[in-house]
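This report looks at charged pairs and at one strand with its neighbours. Please keep the sequence and the structure in view while reading.

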Amino acid sequence: MSKSQLSDSLQSSWTSNASERWDFASTECVADITPIIGYLWLQVAANNCQTRLAIKLANKGNRCGVVDILQTGGWSFPTNPQAILQQARASRGVISQINEELALVNTILRENYQDTNLLHNIIFTYASILSQQISIGCTHSIVDVKLGKRTNVIAPWMTDVQLKQISKNFSEDCKQKLVIYKSEWLEAFQAILVEAGAAKPENLMIKNNPWIVQNCQGELADLVQVRWLLTNGSMPQCRAIGRQLILLHINELISGNDNLLTGNNNEYQKLYCQILPRICGANANWNDLQTQWNRFQNRLPKVSDFIVRQYLKNDRYEELEKSYGDPGNDLNIISFGLFPYHLADQETTVLIKEMNASYLDKLFEWLCRGNTYDPEVGIWLHKLPGEEVQALIRQEQNPQSEKLRNFKKLASIDQWQEPVISIFYRPSICSESEVMAKVRQFLCQGVNI
């Protein structure tokens, strides 16, 4: 798959350049932003080291791939070797799009994965990711492997024990983990790589890091090293599911307008602020990432015109379980709190322990069924595992008080509560009653408090 005319041209073009070339890839998962955040950290590292480049080969994805997310914002991808090289050298990084000329076999297999049953196969996943990185001339690869209920690294030869190890719900003492770094899990995945024929045991190391290092020993073309990071695909990776929503959420996270990355013992803060910069070799701080994101945004001119931005900015979900839409625009939003699915008339704070990412994944696919790459439909999670939700507040309290600043009115009764989830949907495809039924089921069965 990595032997094409375009690939040969790219690989030969790097021969006069002694730089390391790093890519960050991820197996598919709902609400996945690690490929973009990882690329930004790689470019921070490249800007601080003149012998490194960040080069990424990106895919489209039904569950929001890097290509369709960035295209939504107006990103333009270089497609020929000269343009790729020129951009990489000018900005220390480049994102290129997978096309048939670069990886024809891979493209065909991905388009027919339901017939070939290969997408959820560790050998195909391994070959697909690394062949793409070899084709563009990478020397170092970072792969974020999503484990959990819908992992892409299963195989028919796996034992029951191995299948349970990689498809379990990774939680400990009812507190879900986002990064899977316990030694027994890392060692189990090492054994799977060896059994799949993807690595020799003497070339695999764990050391003191929460990831696996594979030294390639000249066996994978120019690839010198692969770093395997294991994360929990059964847990939402961020608040946003949807192409426009993901770009807006990344901006909120990096700019500091979202409190998701604050606080001690925060799983999201550990991944995005601590582990990702370390695995990318970025000896830098959050301000460096913000600087890189500001440059990155210059290539996303359409973001300021996003329709969903207006919904979030104007607080259009004023009342829970009531949808709002603009005349002439086929997009509505409906929001839900936990009441009455979990909370009765409590006046206490509750902690969200788990959210079923697999259910959210299927819900997003259902919302997009009229247009697989719809840029506007999606899901916004106001609360994530590890965050607290305030209980109902009675109407007689002042709705303008500081305590109720982020609370919304429950349309059916005179009480207020915090929104937990908002759905952006097409009324021409999904009726409001259908959306409400599916989200109520999610709140009842897919949220553990």
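## A strand and its partners

Two strands are said to pair if DSSP finds at least two bridges between them. The model shown here is predicted, and in it strand E10, which covers residues 240–241, pairs with E16 in the antiparallel sense over 2 bridges. Within this pairing, Ala 240 stands opposite Trp 380 of E16.

E16 is also joined to E21, and these two strands run antiparallel with 4 bridges between them. Here Leu 381 has Ile 421 in E21 as its bridge partner.

## The two faces of E16

In a regular strand the side chains alternate between the two faces of the sheet. On one side of E16 lie Gly 378 and Trp 380, on the other Ile 379 and Leu 381, and all of these residues are buried, which leaves both faces of the strand covered.

Side chains of opposite charge can pair when their charged atoms come close. Over the whole structure, a search finds 13 salt bridges. One of the pairs is formed by Arg 426 and Glu 376, whose closest N and O atoms are 2.8 Å apart. This pair links distant parts of the chain, since Arg 426 belongs to the loop between strand E21 (421–425) and helix H15 (432–445), while Glu 376 belongs to the loop between helix H14 (357–367) and strand E16 (378–381), 50 residues apart. Arg 426 counts as buried because its relative accessibility is 13%, and Glu 376, with a relative accessible area of 11%, is buried as well.

A further salt bridge connects Lys 383 with Glu 418, and the closest N and O atoms of this pair are 3.4 Å apart.

## A network of charged residues

Are the two partners in the salt bridge of Lys 146 and Asp 144 buried or exposed? The closest N and O atoms of these two residues are 2.5 Å apart. Buried means under 20% relative accessible area; Lys 146 therefore counts as buried at 2% relative accessibility, and Asp 144 likewise counts as buried, at 0%. Lys 146 and Asp 144 also belong to a network of salt bridges, in which they are linked with Asp 32.

Technical notes
Residues are numbered from 1 along each chain as its sequence is written. This is a predicted model: local features need pLDDT of at least 70, side-chain atom pairs count only at pLDDT 80 or more; totals for chains, interfaces and linings use all residues. Side-chain values use heavy atoms; hydrogens and water are left out. A salt bridge is a side-chain nitrogen of Lys or Arg within 4 Å of a carboxyl oxygen of Asp or Glu. Buried means under 20% relative accessible area, exposed over 50%, partly exposed in between (1.4 Å probe, protein chains only).
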